[in-house]
Amino acid sequence: MENNINLTLKVWRQNGPQDKGRFETYKLEGVSTESSFLEMMDVLNEQLIGEGKEPVAFDHDCREGICGMCSLYINGRPHGPDDDVTTCQLHMRKFKNGETITIEPWRSAGFPVIKDLIVNRSAFDQIIAAGGYTSVSTGGVPDANAIPIPKPDADEAMDAASCIGCGACVATCKNGSAMLFVSAKVSHLALLPQGKVEAARRAKAMVSKMDELGFGNCTNTGACEVECPKGVSISNIARLNREYLKAKLAD
Amino acid sequence: MKLDSKIPEGPLAQKWENYKASQKLVNPANKRNLDIIVVGTGLAGASAAASFGEMGFKVKNFTIQDSPRRAHSIAAQGGINAAKNYPNDGDSIYRLFYDTVKGGDYRAREANVYRLASVSNDIIDQCVAQGVPFAREYGGLLDNRSFGGAQVSRTFYAKGQTGQQLLIGAYQALMRQVNAGTVEMHTRTEIVDIVMVDGKARGVIARDLVTGEFSRHFGHAVVLATGGYGNTFFLSTNAMGSNGSAAIKAFEKGALFANPCYAQIHPTCIPVHGEFQSKLTLMSESLRNDGRIWVPKKKEDAEAIRAGKMKPTDIKDEDRDYYLERRYPAFGNLVPRDVASRAAKERCDAGYGVGSTGLAVYLDFKSAIERLGEDTIRARYGNLFQMYEKIVDDNPYATPMMIYPAIHYTMGGIWVDYELQTTVPGLFAAGEANFSDHGANRLGASALMQGLADGYFVLPYTIQNYLADDIRTPRMTGEEKEFVEAEKAAKDKFTKLLNIKGNRSVDSIHKELGLVMWDFVGMARNKKGLEEAIEKIAAIKKEFWTNVKIPGSDKGMNVELEKASRLADFITIGDLMARDALHREESCGGHFREEYQTEEGEAQRQDDKFTYAGCWEYQGEDKAPIMHKEDLKFEVVKVAQRNYK
C-alpha cells in the first residue's frame, strides 16, 4: 500500500570528465513508496530546479528495464537493492523511512564519467563492432526454416542474447572485466548455426578489442552474474574461454 | 499543392515488382561518392543505415542515446508479423495485406500495405540469418502465435523481447558497417535542423548533447527514422527520450504532416497511479492470447473492490463480465487495440472499473493456468509477469493483472509517397516517423514489420531512384551560406530558450500539456472539447515561451535544455493533433469522435467525406496550418464497416 517516506540522498556530482567530483547531500520528503527509483530522482530534480540549482544528470530512457540506458550504483550495488531489476524497475518500497541512500555512477576504467551519474559506455559498441555479428548483408539469405535449430540451443542463445548492455557486470567486477558482456554475445551467436560459421574469428576479435580498451581480466569471482539484471549466466564465460582457446589452438 | 503518391502502374500484386524493374540504379563507383544522412537508430534507422553501408554509400547515422542499441524499438514485446503461413492456417500475403487495411479502418494506402505484406517474409529470413533467436518448436522450426485483429497465427516472437532481439540484429549489422568504415556513427547527438539548398534537403545541423556544440553535416539525401510523437501526452508507453522534434523540423521546412490525430491507445498498460508518474508500462498484447479481460457484472462488487473490501478472486465466474467475449464473439479478447481500448473505457465510465481509481480492468490468467498449467504460462510470459510484479508488487499468477489503456504509438506522421519520400525532395521518412502503412489503427506486431520493411527492403531501392540523378552533385563542405544560416538559426533558438528564465520547470509544463491532450484529444473526442484544446494549447505555448525555467548554460551537457527544445515541438504537434481531430468529422480506428458512433457504440466512418489522408502544411510561426488531401482509392479491398463480432 502507498506510503510516503523521507530520505537523505548522498549523490555524486561531477561537472565533467576532468572535474574531481564530490558527494552532495540532499533531503527529500514525502516520497511515495509506489514510485520508481528514477521517479524519486525526478522529484529531486524538480526540487533542485525550484531552488535554482542544476538538476542531477543521470542516464535513463525506456524506464521498463530493457533499453539498458539506466545505471547507478545504489548503496553499493549496481541497479540497487533488488534482484533481477534495472534501476528504472527498482521501486521505493525497497527503502525505509529516514534511510540515507548513496548514489554513484558506474566506476570503472572502461567507463569514464561524463557528468554526475552519466558514464561513457561506448567501449561496448566498439567491442560489438569488432566482431559481434554474423557477416551477412541484407537480402539473398535462405528461408528462415531452412535450418532447423534444436529448441534447447535456441532457448540458450535467447538467454545469452537477453543482455541489455547496461554495464552492471563491469561496474561490479573488482577487476573491471567485461567478460560477461563479451561472453554473452559470443555464446548467443556460437550456439546458432548461423553464427557458428565465424565463431572462432568472432571470439578472437572481440576479446582482443576488450583487452585493448582497458577492461580487466576475469578471475571468476562471479559478482557479474549476481548483479546482472537479466540473469545472464557465467557459464557463458566458460563457453567463451573454450571458444577462444579453440580459436587460438587452431592458429 | 498537388500530392503525388507515385503509386506504380499495374495490378496490386505487381506494383512493387514493376517499380523495381523500372527504377534507376546507382553503380558501385558512384555510390562511394554519395552521402546519406540517417537520423535515428531504431529498427527503421539501423536497418536502413546498415543496408546503405553494405551497398557502398557513405552513411552518417545519428542518435540521441549513448548507443544505437538503446532506441525505443527495443521495448517492443510481443512479436513481428509475416505471411509465412508456416502453421498452414490459411495465411497469405493477400490475407496479411487485407487484415492490415481492415485493421487500419480503411485509411491506409493499398499499394504501400501490399508491398509491406509482400516483403514481410524476407524480414524473417533476414533476421534468422543475423542470429535472431526466435522461439522454436521441438522440431527445430519457428513457432508462431496470434495477435489482435487476425484469425491466423502469423506472429514470430522471441520470448516477450522481440523488439530487443530484432533491434540487436539490426544494431549488429550496423556496427559491422561502422567497423567497415561505411557508416560514421554519432551518438548523444541531436538533429536540431534540416538544411535546404535549392529546394532540396542537403544536410542537417546537429547538437552534441555532451559538449553543447553545434555541427553541420552534408548529405545528398536525408532519412528521418525518428519514431513517433506519443510523448506529446507526457504519459505514454514511449521512452522518456522519444520525441517528435525531427518530424517538426521537417514540417517547418515544408514536409507535410499527415493524419496527426491518429494516435494508438494500447488497451493493456499498467494503470496510472500517482502524480509523480513519469511513464506508463505496456503489458504485451500477446497476453490477450491467454488472458481474459473482465470487470464485475454487478456495480456493488466493483464498488467493494474499489473500496478495498473485496478481492477479484472473491468474485465468482458467473458474476464476471468478460465484456470482449460478450460483445465480440468471433475475435473475443483478440479484437484490435482501438476496439479493446474503447470497450475498457466504456465499462469504467459506466461505473464497473476496478482499482483504487476505478480506471482499470482485469486481465485474468486463471482459466489459462487451469488449462495449460502455470509452467506453460511462465514459459510464454514469464518476463512480462515478472515486470508486472516488480512495478505493482502483486503476483499475477495468483491474482488478475490490472490494466488500462495508454498512448502507445502514432499512426500519423510525415507524409511520404510510395518511395517514402516526403514533399521535400531528398528528405525521406521511415518507420513510425512516416504515416504510410497503418491507416487509422495499427495492428499488433506490425510496427516491427514496418520499421524493418522500410529499412531493409524499401529504402535501399527507392533512395537509389532519387540519388541516380545526383551522381554529379559534389559534396558540400558545410561552409555554404545555407548551412551557416541554418546553424545560426538553431543556435539562436537555444539561446532564446535559455534567456526566458521563468519560474516553471519543463516537466511541469509538459505535464499540463499531457493532461489537456488526454482529456480532450485522447480516447474520445468531440467538437467542443477539441476547440477548447486548441485554445488551451495556445495558452500553454505562451506560458512555455514566457515562463520556462532552464538552469545551467549552453556549454556542456544540459538535460533541461534538451527537454525544453523537444517540448517546444510537442506543443506544435499537440496543436496539429487537435486541429486534425477537429476537422475529421468521423470516427475511424484510433480516432473516435463521440458524435459519430453506431447505436452499439462502435466507430462510424463517413466514407463519402473522409476517405483521404489529411496532410497539413506549415504556414509560419503562430499561423494556422493548411490542409491538403490525398484521396485514398480502394481498388482491391471492398470498404466495409469493420466487424469483429
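## Reading a two-chain predicted model

Tutor: In chain A, five strands form an open sheet with mixed pairing, in the order S2-S1-S5-S3-S4. Strands here are DSSP runs of E with at least two residues, helices are runs of H or I with at least four residues, and both are numbered from the N terminus. Two strands pair if DSSP finds at least two bridges between them. The model is predicted, so local features need pLDDT of at least 70 and side-chain atom pairs count only at pLDDT 80 or more, while totals for chains, interfaces and linings use all residues. Residues are numbered from 1 along each chain as its sequence is written, with chains lettered from A and ligands numbered from 1 in the order in which they are written.

Student: Which strands of that sheet stand at the edges?

Tutor: Strand S2 (22–32) and strand S4 (77–78) of chain A do. Each has a single partner strand, so one side of each is left without a neighbour in the sheet.

Student: In what sense do S1(A) and S5(A) pair?

Tutor: Strand S1 (residues 4–13) and strand S5 (residues 100–104) of chain A are parallel, with four bridges.

Student: Which helix lies across S1 and S2 of chain A?

Tutor: Helix H1 (residues 37–50) of chain A does, running at about 105 degrees to S2(A). Such an angle is taken between N-to-C directions on a scale from 0 to 180 degrees, using axes fitted to C-alpha atoms, for helices over the stretch in contact.

Student: How many helices and strands does chain A have?

Tutor: Chain A has nine helices and seven strands. Its C-alpha atoms fill a box of roughly 60 × 40 × 35 Å along the principal axes. Of its 251 residues, 53% count as buried. A residue is buried if 20 or more other C-beta atoms lie within 10 Å of its own, exposed if 12 or fewer, and partly exposed in between, with C-beta atoms placed from the backbone.

Student: How is chain A divided into domains?

Tutor: Domain bounds come from an automatic or database domain assignment. For chain A these are domain 1 (4–114) and domain 2 (122–250), whose C-alpha centres lie 30 Å apart. Their contact takes 18 residues from domain 1 and 17 residues from domain 2. Two residues are in contact if their C-beta atoms, placed from the backbone, lie within 7 Å. On the domain 1 side there are eight nonpolar, seven polar and three charged residues. Nonpolar means Ala, Val, Leu, Ile, Met, Phe, Trp, Tyr, Cys and Pro; charged means Asp, Glu, Lys and Arg; the others, Gly among them, are polar.

Student: How many residues does each chain give to the contact between A and B?

Tutor: Chain A gives 65 residues and chain B gives 65 residues. On the side of chain A, H1(A) gives the most, with six residues. By class, that side has 29 nonpolar, 20 polar and 16 charged residues.

Student: What are the domains of chain B?

Tutor: They are domain 1 (34–264 + 409–470), domain 2 (269–406) and domain 3 (481–602). The C-alpha centres of domain 1 and domain 3 of chain B lie 24 Å apart. Their contact takes 38 residues from domain 1 and 35 residues from domain 3.

Student: Where does UniProt place the feature "active site"?

Tutor: The unreviewed UniProt entry places it at Arg337(B). UniProt positions follow the numbering used here, feature names are shortened, and annotations may be inferred rather than shown by experiment. Arg337(B) lies in helix H10 (residues 337–349) of chain B.

Student: Why does Arg337(B) count as buried?

Tutor: Arg337(B) counts as buried because it has 27 C-beta neighbours inside 10 Å. Leaving aside neighbours within four places in sequence, the contacts of Arg337(B) include Gly148(B), His266(B), Glu285(B) and Asn441(B).
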